Protein chains: 2
Amino acid sequence: MLHCGQKSTEVALDFCLSLPHPRAMTKDNKVIAANAAFYAAFSTGDFAEMERMWADDDAISCIHPGWPAIVGRATVIGSWRDILQNPERPQIACAEPQAIVDGDSARVLCIEIVDGTALAAANHFRRVGDGWRLVHHQSSPIAQIVEQAEEDSPSHRIH
Amino acid sequence: MLHCGQKSTEVALDFCLSLPHPRAMTKDNKVIAANAAFYAAFSTGDFAEMERMWADDDAISCIHPGWPAIVGRATVIGSWRDILQNPERPQIACAEPQAIVDGDSARVLCIEIVDGTALAAANHFRRVGDGWRLVHHQSSPIAQIVEQAEEDSPSHRIH
């Protein structure tokens, strides 16, 4: 049984909007910027931008918090349409983004703050032209056991 | 606040060990086989095999259930060493693996059954020679709201 909880962290909602100037961008900055644009689209409810952020084929997938995987453009984009159309969707902020660029693939690991709850997220990108497009998003709750485990042995990890 | 729970599913523990013959493997089967080898290494506690499964550089990362991301070979491999050395680690089975091959990257989406609890997992691979090596693993609890939401509107998704 997993023990899921919450961890409060105060993060400015515009954390991901503080981007470096495009001309100064390294390859890592570009994927960090793509990641920021994803969260900005969520925050502003910009479905057209959200749709544009994702690779334009069926090799895309998403695991929303608490949900099984969904696969394919219609299903994934449809899920984001539903989410962005929901006026009661939570505020979300991205903190501590860390880019790993690996050839034509990249991922950004970050903490999502959703209504005061911390989630561990990974956004996976494919290089498309001069930019990056999402191919997979997954976000998982960070459990309260993190705090407890700091005093415990690493062997107590669930898996 | 996320509502995390469990979903019981009976799955044979050797689900992932029923591999097609190597000579009959398509590119998808090869990554499905790599994914199965990952879970087999977990089940048997074979740390050498687990270590071999991962790409041999620092561009690897992992988000264990309930945990924030960890990055880099020493940290990621170290976490698996701790887990496999724990004689009380849970049994884990992989169900419904689905491969998405995208050039030199691939991911396998599957359901992990950990002590009767269903997790949504994504295992991301990089092509290395004729095979595949893990670069990222993430596993998230599937919440009880899945059952509730089947009768609800998709707009009730958390995100």
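Visitor: What average pLDDT does chain A have?
Guide: Since this model is predicted, confidence is a careful place to begin, and 73% of the residues in chain A score at least 70. Over the whole of chain A, the pLDDT averages 80.

Visitor: Which stretches of chain A have a pLDDT below 50 or under 50?
Guide: Where pLDDT is low, the predicted coordinates should not be read in detail. One such stretch has 47 contacts in the model beyond near neighbours in sequence, and another has 8 contacts beyond four places in sequence. The stretches are residues 1-24 of chain A and residues 145-150 of chain A.

Visitor: What ipTM does the predictor give the complex?
Guide: Two scores are given for the complex, and one of them is a pTM of 0.78. The other, the ipTM, is 0.77.

Visitor: Which strands stand at the edges of the sheet in chain A?
Guide: In chain A, 6 strands form an open sheet with mixed pairing, in the order β2-β1-β6-β5-β4-β3. The strands at the two edges each have a single partner strand, so one side of each is left without a neighbour in the sheet. These edge strands are β2 (70-71) and β3 of chain A.

Visitor: Which residue of β6(A) stands opposite His124(A)?
Guide: Strand β5(A) pairs with β6 (residues 131-141) of chain A in the antiparallel sense, over 10 bridges. Across from His124(A), the residue in β6(A) is His136(A).

Visitor: In what order do the strands of the chain B sheet lie?
Guide: The edge strands of chain B, which each pair on one side only, are β2 (70-71) and β3. Within the sheet, β5(B) and β6 (residues 131-141) of chain B are antiparallel partners over 10 bridges, and Leu119(B) stands opposite Pro141(B) in β6(B). The 6 strands form an open sheet of mixed pairing, in the order β2-β1-β6-β5-β4-β3.

Visitor: Which residues lie closest to the centre of the largest pocket?
Guide: Rolling a probe the size of a water molecule over the atoms shows where empty space is left. The largest pocket holds about 340 Å³ of space, and of the 21 residues that line this pocket, the closest to its centre are Ser105(A), Phe125(A), Ser105(B), Ala106(B) and Phe125(B).

Visitor: How many charged residues are in the lining of the largest pocket?
Guide: Elements giving two or more residues to this lining include β4 (105-114) of chain A and β4 (105-114) of chain B. By class, the lining has 8 nonpolar and 5 polar residues, while the number of charged residues is 8.

How values were computed: Residues are numbered from 1 along each chain as its sequence is written. Chains are lettered from A and ligands numbered from 1 in the order in which they are written. This is a predicted model: local features need pLDDT of at least 70, side-chain atom pairs count only at pLDDT 80 or more; totals for chains, interfaces and linings use all residues. Side-chain values use heavy atoms; hydrogens and water are left out. On a 1 Å grid over the protein atoms alone, a cavity is a set of points where a 1.4 Å probe fits but cannot get out, and a pocket is an open set with protein on both sides within 12 Å along at least five of seven lines; lining residues have an atom within 4 Å of a point. Grid points are joined across faces, edges and corners, and a volume is the space filled by probe spheres set on the points. Helices (H or I, at least four residues) and strands (E, at least two) are DSSP runs, numbered from the N terminus. Ala, Val, Leu, Ile, Met, Phe, Trp, Tyr, Cys and Pro count as nonpolar, Asp, Glu, Lys and Arg as charged, and the others, Gly among them, as polar. pLDDT is the predictor's confidence in each residue, from 0 to 100. Contact means heavy atoms within 4.5 Å. Two strands pair if DSSP finds at least two bridges between them.
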